Amino acid sequence: MSIQKEWLDFLREQYPVGSRIKLREMGTDDPCPIRPGSMGTLQAIDDLGTFHVAWDDGRGLGLVIGQDSFSVSPPPLQTLKLYMPMTATCYDEEDPEEDITIDPHEAARYAPYIINALQSERRWIEDYGYNHNTEEVERGLMAYFNGPRSVDQKVQSYWFTAEVRDGRLWGVAECSVRGELAPLELQYLINNIGGQASDGMGEGFEQREIRVDGGLEIYAHLWQSEGWSIMPERDRFDPHFSEKLPDMCFTVLPEDGSLAYIVKGEGPQRAQDSSDKPEANRYLADNYNQERGLSAAQVRAMEGGCLHGWDSPAADPRTYGQAQGQPQQGGMTLA
């Protein structure tokens with residue numbers, strides 16, 4: 001039995017993966033039905049509208065609206081941390097018009113001061129808000145999200161903070177997320193956070209001095225114009241990340257130069273923000289891939305997977321012999 005796409009999209013939006021299911025009663029004639037009152041976790045809603053559930057007792061029987069009676073509760077909130085390189089600067093005493101970038105290890109010593117300054121920024125927003133917007137109190141910078149409704153529903157809030165990892169300073173976007181973000185949904189969130197780090201809250205924050213040891217005044221920067229990226233914790237600190245296929249990447253289509261994205265295991269899809277100028281699309285693809293911390297080898301492997309199969313050597317970044325961490329840069333198309 002087929003189901004209308006609009007209804008299917010509604011179900012998936014209202015009941016995201018990770019939702020908790022409580023069975024009232026099964027209406028099918030299954031010889032070994034799930035017991036009433038059983039609990040499980042939603043794994044997927046297929047194209048027929050069947051709710052595939054991983055039951056707490058280990059079984060995996062699906063449910064159908066209209067046949068089975070069950071309730072759905074939202075998935076629990078989880079913290080998603082997205083890490084970005086963070087720098088600190090101070091003024092040159094001999095030339096006040098110039099600033100000096102502080103050594104990364106030295107900057108890490110000032111992390112408690114920077115974290116406190118970011119927390120003060122948060123308290124100010126919660127107390128007064130940039131636009132006296134009460135939504136800011138509950139949702140933080142997510143109050144300014146402008147993107148797909150599915151992302152707006154899953155990501156309840158996010159704020160900036162900082163951490164020291166591997167001896168260096170990192171900016172962190174701490175996101176409260178309900179359910180699991182699909183790769184393209186994560187990209188929309190990354191775009192929003194990048195905008196806040198560069199032109200939104202981050203722009204104002206980096207202009208406010210932070211007084212540290214000995215009366216020194218420093219300035220902390222969530223964004224930089226060169227080599228900036230923002231990555232989930234699992235990818236950022238994985239020493240073998242550049243040898244693996246990423247969840248998604250961007251490219252341009254050879255037939256018309258359109259901007260496209262590739263989700264691992266799938267074919268390319270045209271992106272909504274594609275323009276009619278191939279060179280502009282190439283720039284966007286390179287910029288998005290750099291933001292996600294992808295190497296040229298990873299992008300070529302994703303393109304190779306589309307063309308030659310996801311189990312082929314063409315879908316392995318190691319095939320291309322790129323140095324780890326080398327960013328993706330121009331000129332690559334599916335061919």
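The model is predicted: local features need pLDDT of at least 70, side-chain atom pairs count only at pLDDT 80 or more, and totals for chains, interfaces and linings use all residues. Residues are numbered from 1 along each chain as its sequence is written, and side-chain values use heavy atoms, with hydrogens and water left out.

**Whole chain.** The C-alpha trace spans about 85 × 50 × 35 Å along its principal axes. Of the 335 residues, 43% are buried (under 20% relative accessible area, with a 1.4 Å probe and protein chains only).

**Helix α6.** Next, select residues 183-198. This helix has 16 residues and reaches 22 Å from its first C-alpha to its last, close to the 22 Å expected at 1.5 Å a residue (the expected span is 1.5 Å times one less than the number of residues). Show its side chains: the buried ones include Leu-186, Leu-189, Ile-190 and Ile-193.

**Strands β8 and β9.** Now select residues 155-165, strand β8. Eight of its 11 residues are buried, so β8 is largely enclosed by the rest of the structure. Val-155 has Val-177 in β9 as its bridge partner. Finally, centre on Asp-166: two residues lie between the strands of this hairpin, and Asp-166 takes a positive phi near 55°.

Conventions. Buried means under 20% relative accessible area, exposed over 50%, partly exposed in between (1.4 Å probe, protein chains only). Helices (H or I, at least four residues) and strands (E, at least two) are DSSP runs, numbered from the N terminus. Two strands pair if DSSP finds at least two bridges between them.
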